[in-house]
Structures are given as C-alpha cells and as structure tokens.
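Visitor: Could you take me slowly through one part of this structure, the way its helices pack against one another?

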Amino acid sequence: MKNKMMNFELLRIISMFLIVVSHFSVHGKWENLYIFDFNRLFLQFIRLGGGIGNILFFMITGYFLCEKSPQIEFKGIKKIIYIILKTWLYNIILLIFTIFFFRNLLNWSLIFRSFFPILFQLNWFASVYVFLILFSPFINRLFFSLNKNESKVLIIILFISIAGISLTGQNIIYDNLRWAILWYITGGYIKIFGIELKTKKFFLINFVVLLISLIAVLYISSTNMISPIKIYSYYYEMQRFLFSIVAIEIFIYFEKIHINEHKYISLISSSCFGIYLLHDNVFTRDIIWKNILYISGIENSMLLILYSFFSSILVFCVCLLLDKLIRFLFEKLLNDLSKWLYQKISVYLPNLM
C-alpha cells in the first residue's frame with residue numbers, strides 16, 4: 001500500500017464506523033423517538049452519520065476509478081463479479097446462521113430472496129455499488145469530454161436536481177443510484193481539478209445548522225402539531241443538502257493530509273465492505289441490535305451515549321474478525337471463481353462494443 005493512499009484508507013474506516021453508529025439508532029427498537037429531550041436528540045443526530053459515510057464511500061470510488069480512456073473499457077467487470085460472489089457468499093452464511101439460531105425470523109419469501117441479494121437489494125449499498133461500477137466507463141467517458149467549468153455545471157445540476165429538490169419535501173426523482181453517480185463524479189472532479197474550501201469555517205457552520213434544525217424538528221414533533229413521521233421524513237430529505245456539504249469538506253480534508261504507511265489501517269480498511277455486508281444484512285439487523293445487544297428501552301438511560309459508542313465498537317470489531325475469518329476460508333475460492341467467470345465473460349465484451 002502506498003503512503004499516499006493511507007489517508008483514504010483511514011477515511012474508509014471512519015466512514016464505516018459512522019455507518020455502524022448510525023445503525024444503532026436506525027435499527028434500534030425505541031419506544032418513542034419523538035419526545036423532546038437530550039437522548040432523543042442524540043439518537044436522531046447520529047443517524048446523519050450513515051448518510052455522510054455512504055457519500056464518502058462513493059466519492060472515494062470516483063476518486064480512484066474516474067480515469068481517462070480513449071474508448072469504453074469494462075475494466076471493472078472482474079471487480080463486479082467478485083462483489084456479487086462475495087455478497088452472495090456472506091448472505092448465504094448469514095442465512096445458515098439464522099436458520100440454526102433465529103429460525104423464527106425467517107419466512108420462505110426471505111429465504112428465496114437471500115439467494116439473489118443484489119437483485120432484491122438485501123443490502124442496498126452492494127446493489128448500488130455493482131451498478132455504479134458497471135456504469136463507470138460511460139460516466140468516465142462523459143466526464144472527460146467536459147472541461148473544468150462544464151464539469152462543475154454538471155455537478156451543480158445533479159446536486160440541485162437530486163439534493164436541492166429535497167428542500168421541497170419531494171423525492172420523486174431521488175434514488176440511491178443517482179446519488180451514487182453524483183458522488184462518484186464529485187470524487188473524480190476533486191481528483192482532477194481540485195476544490196479549495198475554508199474547511200474549518202464551513203464545517204462549523206454546517207454543523208451548527210444541522211444541530212439547530214434537528215432541535216427545532218424534534219421540538220415540533222414532540223408537540224404533535226405535525227405528524228412526527230411526516231416531519232422526520234421531510235427533515236432527513238432536506239438535510240441531505242447539508243450533510244452532503246459536510247461530507248465534501250471531510251473528503252477534501254483527508255485528501256490533503258499525509259499519513260505514513262500503517263499495517264493496521266490497511267488491515268482494517270480492507271474489511272470495510274465485509275463489515276458492511278455482515279452487520280447491515282436483512283438477517284442480522286434485528287439479531288444484532290434487538291436480540292443480542294437488546295438496545296430497546298435504553299433511550300431514557302443516562303448511559304445511552306456510552307452504550308451506543310461501545311456497542312458500535314463491538315459490532316465493528318466482531319464483524320471485522322468474522323470478515324477476516326471468512327476471507328481466510330473462502331478468499332482464494334472467490335478470487336479463482338471471479339477470474340474464471342471473468343475469462344468466460346470477457347470473450348463476449350468486444351462484440352458488444
């Protein structure tokens with residue numbers, strides 16, 4: 001691993017931890033999240049970390065995959081095959097675990113869908129990531145046909161059409177793939193043209209605005225003047241605009257820092273995708289947060305913040321170790337099978353162009 005890559009490897013780890021922490025709030029079985037108090041404010045606030053973490057992942061992908069090519073090249077096919085196989089393997093392992101220990105959580109529809117996790121989006125990130133890599137040669141070709149100003153206009157138009165529309169409370173044109181493409185292009189733009197921001201100033205302003213708006217929304221929902229579910233749905237769509245800016249600022253900061261090669265950063269970073277697959281799976285979401293950690297009912301506890309932090313670290317570390325074990329047992333098989341399938345598919349790719 002090159003030294004200049006360590007900053008982004010560390011950013012992957014931080015992004016993944018933000019996502020795990022956000023799932024403490026998202027997947028917890030809380031009695032009432034719409035009471036105006038500090039603990040509810042904290043639970044609602046850490047949910048935003050998931051959005052920031054996902055944006056950072058897609059920007060990192062764009063930063064490294066957005067490259068100029070004289071023609072459309074499907075260099076990512078082998079990677080797509082590997083991701084599909086890995087997602088399928090992890091899903092089947094978790095299905096078997098659930099059959100043995102939590103059979104009551106299963107139904108035949110879920111079992112059937114578990115054999116096609118990408119198709120049925122049992123993990124939305126993996127599904128979107130596969131299609132993003134598939135589209136990346138075409139995105140790159142379009143992106144490199146534009147100059148700096150044209151690229152900037154493209155990003156602004158995408159940003160307004162996807163994020164800006166959320167300010168109206170409407171999300172009819174919103175979907176995860178569009179967001180992924182937007183942040184892929186943004187990551188590529190930063191790599192090629194660079195962006196200069198007064199990071200500390202803008203970051204602080206956005207943080208304060210996020211916090212104040214969250215306090216206001218929590219207060220309004222507690223009064224029942226507006227349906228809590230409706231106002232929070234609107235709020236999280238609206239806040240995509242703000243935490244998108246926060247994510248860009250974090251990304252730019254990490255792009256500029258230098259971190260010497262560190263084996264533990266590389267070790268953990270290489271398992272981030274596996275941690276995502278293991279902890280945010282349709283089988284494990286309830287098992288982890290509701291059955292094993294049993295986080296429901298602690299929203300009134302003074303130890304909520306500590307418990308959220310340490311339980312998230314526990315989930316992160318256990319999934320890290322499980323990913324290392326699964327890769328030790330199956331990595332060679334996954335690589336060999338990916339290579340074999342790629343060789344078979346690549347024969348037909350030239351005929352498609």
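Guide: Helix α5 (residues 124-143) and helix α11 (residues 272-279) pack at an angle of about 135°, their axes lying 9 Å apart, where helices are DSSP runs of H or I of at least four residues, numbered from the N terminus, and axes are lines fitted to C-alpha atoms over the stretch in contact, with angles from 0 to 180 degrees between N-to-C directions. The two are therefore oblique to each other, a word kept for angles that are not under 35 degrees (roughly parallel), over 145 (roughly antiparallel) or 65 to 115 (roughly perpendicular). Trp124, Phe125 and Ala126 in α5 meet Phe273, Tyr276 and Leu277 in α11, contact meaning heavy atoms within 4.5 Å.

This is a predicted model, in which local features need pLDDT of at least 70 and side-chain atom pairs count only at pLDDT 80 or more, while totals for chains, interfaces and linings use all residues. Residues are numbered from 1 along each chain as its sequence is written, and side-chain values use heavy atoms, leaving out hydrogens and water.

In helix α12 (residues 284-292), Thr284, Ile287, Ile288 and Trp289 are buried, that is, under 20% relative accessible area with a 1.4 Å probe, counting protein chains only. These four cover an arc of only 165° around the axis, which puts them on the same side of α12, the arc being that of the directions from the helix axis to the C-beta atoms. The buried residues of α12 pack against α1 (6-26), α3, α11 and α13, and after α12 comes Tyr294, with a positive phi near 45°.

Key:
Buried means under 20% relative accessible area, exposed over 50%, partly exposed in between (1.4 Å probe, protein chains only).
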